[in-house]
Amino acid sequence: MFRMQKTIKLSTFRVIKCLRVVFIIIFLSGCTPIPDHSFNIPCQAPKPKPLKNIRVALVLGTGGFRSIAQLGVLEVLEKEGIPIDLIVGSSAGSLIGAVYCDKPHIDLIKNEILHIKKENFLESGQRPIAGTAMLNFVTQNLSAKNFEELKIPLIVVATNLDTNEIELLRSGPIAPAVLASSADPLIFKPVSLYGQTLIDGAILDPVPVDVACLFKPKMIIAVNVGSRPPTTPIKNKKDLLSRCIDISFYKYSMCHAKEADINLHPCFYNFDTYNDQHNQEIYEHGKKCAYAAIADIKHKMKELGL
């Protein structure tokens, strides 16, 4: 596990306001250990393999079901022969990244991703939940159990509540790392992993271009699936909390993504984070966005000698 020491390039005041909301929820919810799925989680994360000579790093941001657009982007990049040497994922982007890094061929994963439903991740019961359904889904859809077995290197980004910094997970079991990165505090309990208390990576780094920069890739492609928050009337406290987090996520996403060499931002309207009724349409938006940028991507690669 590599802990980022770099100061986040965002307003400290905004981060504190966002985390204040999160802490209220966490105070009421408690923390959950990882259920036993034969992960053999050590007390500390194993030392990760060094990453060198990264040509193209792909950054996949947060967005819930909107992240299915990233599948469309991956399909276009694969068909156009764009090499991907590293994927950095935050929240739902970590799930899409894990599945692709495990089987880097769209035809092997397309059907499973397009047919994802809420019940694959959100078990029934009182909120917040432990994330057992998500652990099951990730485990069942990956051949690899540990990061070291993936065909493409993957870095999963979570928010560490013990340090108030981002936490980079890139060694050891994959499924618990994806759960930690995706643990939206409005829905999931915080995750206890390697002696740290972790929640959704989107809280501090929704489109972690800054993390990709740490590994000195020659080129960074970011996929930002953030959607402008709704302006519908707020009816209760839950709506208020959700709106606060949505606003922060959107603003952070826009700030972080623009630092990439290529910034892909599919156009979304009225696609809610947890609405699973528009998967095909969202996927098509991702493809369209990637095809529109493919000439710029190839030009940039030629410019950089890739």
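Helix α4 (residues 106-114) packs against helix α9 (residues 279-303) with an angle of about 135° between them and their axes 10 Å apart. Because angles of 65 to 115 degrees count as roughly perpendicular and those over 145 as roughly antiparallel, this arrangement makes α4 oblique to α9. On the α4 side the contact is made by Lys110, Ile113 and Leu114, while α9 contributes Asn279, Gln280 and Tyr283. Sorted by class, the contact of α4 with α9 has three nonpolar, two polar and one charged residues. These descriptions rest on a predicted model.

Attention now turns to strand β5. Seven of the seven residues of β5 (residues 154-160) are buried, so the strand is largely enclosed by the rest of the structure. In a regular strand the side chains alternate between the two faces of the sheet. In β5, Leu154, Val156, Ala158 and Asn160 point one way, whereas Ile155, Val157 and Thr159 point the other way, and all are buried.

| Partner of β5 | Sense | Bridges |
|---|---|---|
| β4 (residues 86-90) | parallel | four bridges |
| β6 (residues 165-169) | antiparallel | five bridges |
| β8 (residues 196-199) | antiparallel | two bridges |

Individual residues show how these pairings are built: Val156 in β5 is the bridge partner of Gly89, while Thr159 stands opposite Ile166 in β6 and has Ile199 as its bridge partner in β8.

Key: Residues numbered from 1 in each chain as written. Predicted model: local features only at pLDDT ≥ 70, side-chain atom pairs only at ≥ 80, totals over all residues. Heavy atoms only, no water. Axes fitted to C-alpha atoms, helices over the stretch in contact; angles between N-to-C directions. Parallel < 35°, antiparallel > 145°, perpendicular 65-115°, else oblique. Contact = heavy atoms within 4.5 Å. Nonpolar A, V, L, I, M, F, W, Y, C, P; charged D, E, K, R; others polar. Buried < 20%, exposed > 50% of the residue type's maximum accessible area, 1.4 Å probe, protein only. Pairing = 2+ DSSP bridges.
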